[in-house]
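Biologist: I would like to learn how to read a structure like this one. Could you show it to me and take my questions as they come?

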Amino acid sequence: MIQSDTRLQVMWNRLLAVVEEQGQALIRAAFSPIVRECGDISAGIFDAKGRMLAQAVTGTPGHINTMAEAVKTLCVRFAQSDMKPGDIYMTNDPWIASGHLNDFLLMMPVFYRDQVIGYTACTSHLVDLGGLGMGPEGSDIFDEGLLIPPCKLVSQGEVNALLLEIVKANSREPIANEGDIYALIACCEAGSDRLVQMMREFDISDLRALSDYIIETSRRGTLAAIAALPKGTWRHVLRVDGYDDEIELHAALTIADDHLLLDFDGTASCVGKGINVPLNYATAYSVFALRCIIGADIPNNAGSLDPFRVTGPKGCILNAQPPAPVAMRHTLGQMTPDLVYGCLSQALPDRVPAEGASCMYDLPLRHAPEATDQFALELVFNGGTGARPRIDGLSATAFPSGVWGSQIETTEAVAPVLFHRRELRQDSGGAGRFRGGLGQHIELSATKNQDLMLFLSVERIKNPASGRDGGLDGAPGRITVQPGNRHLPGKGEVRIRAGETLSFETPGGGGFGLPEHRSEDAILTDVQSGLVSHEQAQNLYRRQK
Amino acid sequence: MIHTDGLRLAIDIGGTFTDTVLLNRASDVVATAKTPTTPQRPALGALAGAAHVLDDAGADWRHVTGLIHGTTLATNALIERRGAATATITTHGFRDILEIAYERRYSQYAIDLVKPDLIVPRTHSLTIGGRMDVSGHEVSPLDEAHVAALATELKALEVEAVAICLLHSYANPAHELRLRDLLALHAPDLVVSLSHEVSPEAREFDRLCTTIANAYVQPLMAGYLQDFETRFRQKGLSCPILMMTAGGGMTTLETAARLPIRLVESGPAGGAILAARIAEATSEASVLSFDMGGTTAKLCLIDDFRPQTARKFEISRAERFIRGSGMPVRIPVIEMIEIGAGGGSIASVDRLGRLQVGPHSAGSDPGPAAFGKGGDKPTVTDADLTLGLIEPARFAEGRLKIDPDAAHDALNRDVGGPLALGPDQAAFAISEIVDESMAGAGRMHAVESGKDLGNRLMIAFGGNGPLHATRVARRAQMRRILIPRDPGVGSAVGFLHAPVSYEVIRSRHTRLDTLDTKGLNQFFDAMQAEAEQVVRSGAPDAPLLQRRVAYMRYHGQGHEIEIKLPNRALTHSDVGALKAAFEVEYSRQFSRVVPGMVIEILNWGLAVSSPPPAHLTCPEVPRLHRAVPTGSRQILCDLTGRWRSADVFNRADLAPGAELTGPALIVEAQTTTFVSADFNATVDGHGNIWLTQQQEAQK
């Protein structure tokens, strides 16, 4: 006899493969650099109740949970009885989709034998939605561009042409936007076709038994992982640079028998620039950080995500309310793992890494307004990750985001810039028994006699990554213009004049454990490799006799 | 009576076995041998295999007019870290190209992730002043005064090889060439690899990695190739020896010794070449080759009789089957997806109660539990045995004693117990999981390539390919399968069907609408001269074929599409046709074009090859006749999950035109073809078995 659990498991594997296929198809067709370099997309399959069954593991964690919640919201907004085969719904509302206007979410009901048996959904980052463009300078959401509330984009296979025209008319990149929206539609349809194909192949008429199996198995596994944790409430405060003034992020993490609750109560209020974070996005990165430690081997779905709950007072900077500007919500959103780990490390001191650079070091460069040679570059250079409890941090490596760094040769091919340096920053990794990862040092200038415009939104200039368990802090980021050694703040618009050189030093990760406990071999290797200077080896790692 | 004139020999040295195949002038297999690989002196094992097949054919060395050799030696040297002590020299200010890489973790949730070891430690990475810009113009001159100091440093580091990779050297190699010449004055014994020769493509990290990998194995491979040639010459071999490359072509010993990185992964390429030639002979334009062995399964898409190619693959992954966890190597390769699913793949139950099969493998040593060689973990082979699909007495021609009870015990303990299943059900479940994972990998690979699996013919070979073909095909919605002759040594047979060829891919960034055809034609002339020189040395008299391509994309996209170019100088009037060709292919892959978008080209390719050896022919299929089974076995049906009787046939007995209906087992020396109950089988005039799924058996 065919054992039914094996069949269910085979179907589960199939769903996981289908969402990955959808994700790959979306990335291949994408126009937005952030999508192709970072895989900033999401694809998922949902049951008829809107419960997420499978989600692609894509480049960035910004869609974890976000998409699961978004589909639930749309399922409440639109009655299933009104849905027709070939319908597709859409929104880019930051508080529903993924935290800023660039992320478009599409959802399609899947019909089988005239019934809605589930949904497919996908999200992708579009290049430009008008407004002030992607940057922190907007003072409310209306400055940031076009917001499309949940609506029907495709009706029984017919695309709403007016809607598409509105999206194009409100963008600096209308053709790319149209291309990306069609890619999203194709992604929904392909997922729907594959799902129906699977149901035929396995001869099932609905997803009930399968979704119960997936969700229950995952919930059980997650609860077992939670059961093994110490119980209680742990608090932490993380100080971050902010836009003009420094900001305190507060969290209390409660580990209960059957769930985890993260509460941002005490966190500072929203600010007047677009670094505010809707709760869905803060939740995505917080839950990602928790799931790296707790039940990392269980796929994301309604069952594995359900025990992770996140809340925060409305209006705090991690639960921004409309019409707050949110375009650069990732700057602080990506700091939430360090906030969460500050709590979790108290409960699990030997499993949680030290703080890292965390926020990705974007280097968006554009031509100056008066320049004839027009270009736009979205470069990313990462700092170091925090040291792990049993191993050094990773140098110049993205965490928590999954963004890819840029290559010098391909960058110089598409923009009039020349790099003079890209090397690891000696001594930038926080000292410790295990050393923090090193940041990197970039130097560049314009190749032509024209100015460059730089749009900064980075963290850890004033507040470096803290070490843990006696480990020392990593080096803070440092952005200067030479000659003249002009220090730049981490946020805002900067003009780099022709002939000047921009020096961009990314932060190092914090160390873990007391530096004097680092092994002689490891110190020697660091010095021989030039990662640590003789002076730092003497000063920070000298043994206490 | 065997004609001993014009025999050709193929030798495929793998990690465990060396496969040797002898073909006659008509490209029929005359003899095959599987001998143990001799890792200390691989040429010895090759000689043993060659002597074996020549003996079988009653021929001797004089009759051999061609020898084609493929080896995993370079691959294994990279995996086992047995290469030379290697240093790098990069542009001043860019010492950490290797350390920084793509700034990325290959596994999103792995907090304790360790990055792959990229061979050269930071202590061995040196730099030199001098800079080219993206167009190949010199920004600052090479710091020639520093070369003596570099040579001293290299001596102090006691390195044998050095990889030189300067920024934009693909656009202007002057600094790399000058540095090599100056270094030779100070350190004449140093083996030097130059990035613009090994891999002239933009993207400094990939190019540096490729150059390092080449430098690292070069001393070892040069020594090996010399030893191999000497030993075969001593035996009396007089014909040229050609080496199989990852790109599916053959090259000379001289080129192989200079660019040994091109030999990596050449064995599996042979299988894809064989499948492509069979596709051509049978006029099958859409094919998936499915090569399942003891450790992994390899899938390759073949369209219009050409295996899909790629410009990049990964070696020495930190996690073998996780993409991005290894070292990128940018050379022209036959693109294959490799997954950890083979006969030796181990089954286990994870803490969620989910059955997992692979990627860990018991290999052939200790091997599956049933081999009784110390392996006690249940494997795919143990499951197939329990399902009745393998006849214990005839497995590996009876040379291996098979213990079905040991298979049962292992299945019970590691799978049946935790999942509350009997051994039959456990075996059934293992088959379901592993077959689904292979079918899933195939579907995924097709999607990533902008292609579809449905309607493709599967060509299955390898020790386990014919056994799992119907089960995998059904899950991938594929309805037709072909099992070639000698499927167990398919890769070596494939070598004998490869042309002498060389491919160059080079970066030159341009927009299609402002194409500088004059500059581009000169650029292609240089590539053609380079490729022809290599091919001429291996095929002095043959008329040469050429293939030119451009890798095009819309400005702003990351994914490039390969577009064929005419084999001649381009003029401005070609631009319209190129745009149209791009749009046709783009809309085929993405269902629509994007009007108004600028099209750009970053890379250009040119391949020169000799015509492929003798065209395979497929005689007309004679009148069908029912085949006569030699017996029957009880098998657990993969459709119903119930035990039933299956006919057993000897493949050697099946004449052209033989026809049979599943469930059935067709047994031969190195493998068994399993014909599921929903398939029937016929044998064509060339001895290929065709498996076809029956309409009525479909749901």
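Biologist: Let me start with one pairing: which residue of S4(B) stands opposite Ile11(B)?

Modeller: That residue is His69(B). Before we go on, please keep in mind that this is a predicted model, in which local features need pLDDT of at least 70, side-chain atom pairs count only at pLDDT 80 or more, and totals for chains, interfaces and linings use all residues. Residues are numbered from 1 along each chain as its sequence is written, while chains are lettered from A and ligands numbered from 1 in the order in which they are written.

Biologist: What do names such as S4 stand for, and how do strands pair?

Modeller: Helices (H or I, at least four residues) and strands (E, at least two) are DSSP runs, numbered from the N terminus. Two strands pair if DSSP finds at least two bridges between them. Here, strand S1 (residues 7-13) of chain B runs parallel to S4(B), with seven bridges. S4(B) also pairs with strand S11 (residues 241-244) of chain B, again in the parallel sense, over three bridges. In that pairing Leu67(B) is opposite Ile241(B).

Biologist: Why is S4(B) said to be largely enclosed?

Modeller: We count neighbours: a residue is buried if 20 or more other C-beta atoms lie within 10 Å of its own, exposed if 12 or fewer, and partly exposed in between, with C-beta atoms placed from the backbone. Strand S4 (residues 64-71) of chain B has six of its eight residues buried, so the rest of the structure largely encloses it. Over the whole of chain B, 54% of the 699 residues count as buried.

Biologist: What is the strand order of the parallel open sheet of four strands in chain B?

Modeller: The order is S6-S5-S9-S10. Strand S6 (125-128) and strand S10 (191-194) of chain B are at the edges with a single partner strand each, so one side of each has no neighbour in the sheet. From one strand to the next the twist averages 25°; for such angles, axes are lines fitted to C-alpha atoms, for helices over the stretch in contact, and the values run from 0 to 180 degrees between N-to-C directions. Strand S5 (residues 86-91) of chain B is joined to S6(B) by four bridges, and Ile89(B) has Leu126(B) as its bridge partner there. H7(B) packs on the sheet, touching S5, S9 and S10 of chain B, at about 160° to S9(B).

Biologist: Which open sheet has antiparallel pairing?

Modeller: That is the four-stranded one with the order S25-S28-S26-S27 in chain B. Its edge strands are strand S25 (501-511) and strand S27 (561-565) of chain B. S25(B) pairs with strand S28 (residues 599-609) of chain B over nine bridges, and Val504(B) is opposite Leu606(B).

Biologist: How many residues does each chain bring to the contact between chains A and B?

Modeller: Chain B brings 58 residues and chain A brings 63. On the side of chain B, H12(B) gives the most, with twelve residues. By type, that side has 22 nonpolar, 16 polar and 20 charged residues, where Ala, Val, Leu, Ile, Met, Phe, Trp, Tyr, Cys and Pro count as nonpolar, Asp, Glu, Lys and Arg as charged, and the others, Gly among them, as polar.

Note on methods
Contact = placed C-beta atoms within 7 Å.
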